[in-house]
Amino acid sequence: MRKKIVAGNWKMNKTLDEALALTSEIAGMVKDEVRSDTTIVLCTPFPYLVPVLRVLGDGSRIAVGAQNCSQHEWGAYTGETSALMLASLKAQYVIIGHSERRQYFGEDGKLLAAKVDIALRSGLTPIFCCGEPLEVREKGGHQDLVGEQVEASLYHLDEAQIKKVVIAYEPVWAIGTGKTATSAQAQEMHAFIRSQLAAKYGQATASDITILYGGSVNASNARELFSSPDVDGGLVGGASLKSREFVEIIKACSTPASP
Ligand code: PGA
């Protein structure tokens, strides 16, 4: 059975004090209010990983992730952070191939394949992002592009490895824009991604892979988005910076949609 996951992507936001306050608030509310087994992940800036882990404490049900890692294991790569370092801190997840990395830092499918490999080899769960820009959707090319992104960075993995990857479908036009995909659009793309995975790895393996939706998820639209059968949770940017909003999104992932 695939996991349901709600992951917050803090991006490059918050001072240390603000980040720690946000962490304690989320941890407190989750403890008091969240009864389900939804996996919760906070993807913080690198410098906050250790302090956030300390605030959460041993045995917390909230996991911590990074937002990027190097494609190299170790060595003379000034300014880079290795997946092995992240694993040694007890981070469990790493976002790979976010559209902002693809767009502003020129990360392409081949580089991202190497990052996925090193993350898996280091024992981290990659949250691999894919998604189309608006002009591609308007021309009807979204399935082709997302299919190519998944193929370029994931299809070299074997069955055991692909099952350890979380995929996040994030249409670029919905990220940080307040425009969300409709639940029908999200379901269509998630079902498409799963059918591609099934063609490559078989239905049983495809059914085990968690596929998250990302792009302006908030407390008001989360329940509707998460009610689709192939949407297994969310990768949440802006709304993960507000404790109450983020916890409501976690709760929306955890309870069945109202009829
Ligand atoms: P958003 O960001 O929720 O602010 O749209 C999502 C993401 O970039 O992962």
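Start by selecting Ser 216 and the ligand: a polar backbone atom of Ser 216 sits 2.7 Å from an oxygen atom of the ligand, a polar contact (a pair of N or O atoms within 3.5 Å). You are looking at a predicted model, where local features need pLDDT of at least 70, side-chain atom pairs count only at pLDDT 80 or more, and totals for chains, interfaces and linings use all residues. Residues are numbered from 1 along each chain as its sequence is written, and side-chain values use heavy atoms, leaving out hydrogens and water.

Next, select Gly 176, where a polar backbone atom is 2.6 Å from a ligand oxygen. How many residues surround the ligand? There are 13, and the closest include Lys 11, His 98 and Glu 170; a residue is near if one of its heavy atoms lies within 4 Å.

Now move to helices α7 (residues 142-154) and α9 (residues 183-201), whose axes come within 10 Å and cross at roughly 45 degrees. Helices here are DSSP runs (H or I, at least four residues), numbered from the N terminus, and axes are lines fitted to C-alpha atoms over the stretch in contact, with angles from 0 to 180 degrees between N-to-C directions. Show the side chains: in α7, Val 146 and Val 150 are among the residues that meet a group in α9 including Phe 192 and Leu 197, where contact means heavy atoms within 4.5 Å.

Finish with α1 (residues 16-33) and α12 (residues 243-254), whose axes come within 9 Å and cross at roughly 35 degrees. Among the residues meeting here are Ile 26 and Met 29 in α1, and Phe 246 and Ile 250 in α12.

Terms used. Helices (H or I, at least four residues) and strands (E, at least two) are DSSP runs, numbered from the N terminus. A polar contact is a pair of N or O atoms within 3.5 Å; within protein, one must be able to donate a hydrogen and the other to accept it, and residues adjacent in sequence count only if both atoms are side-chain atoms.
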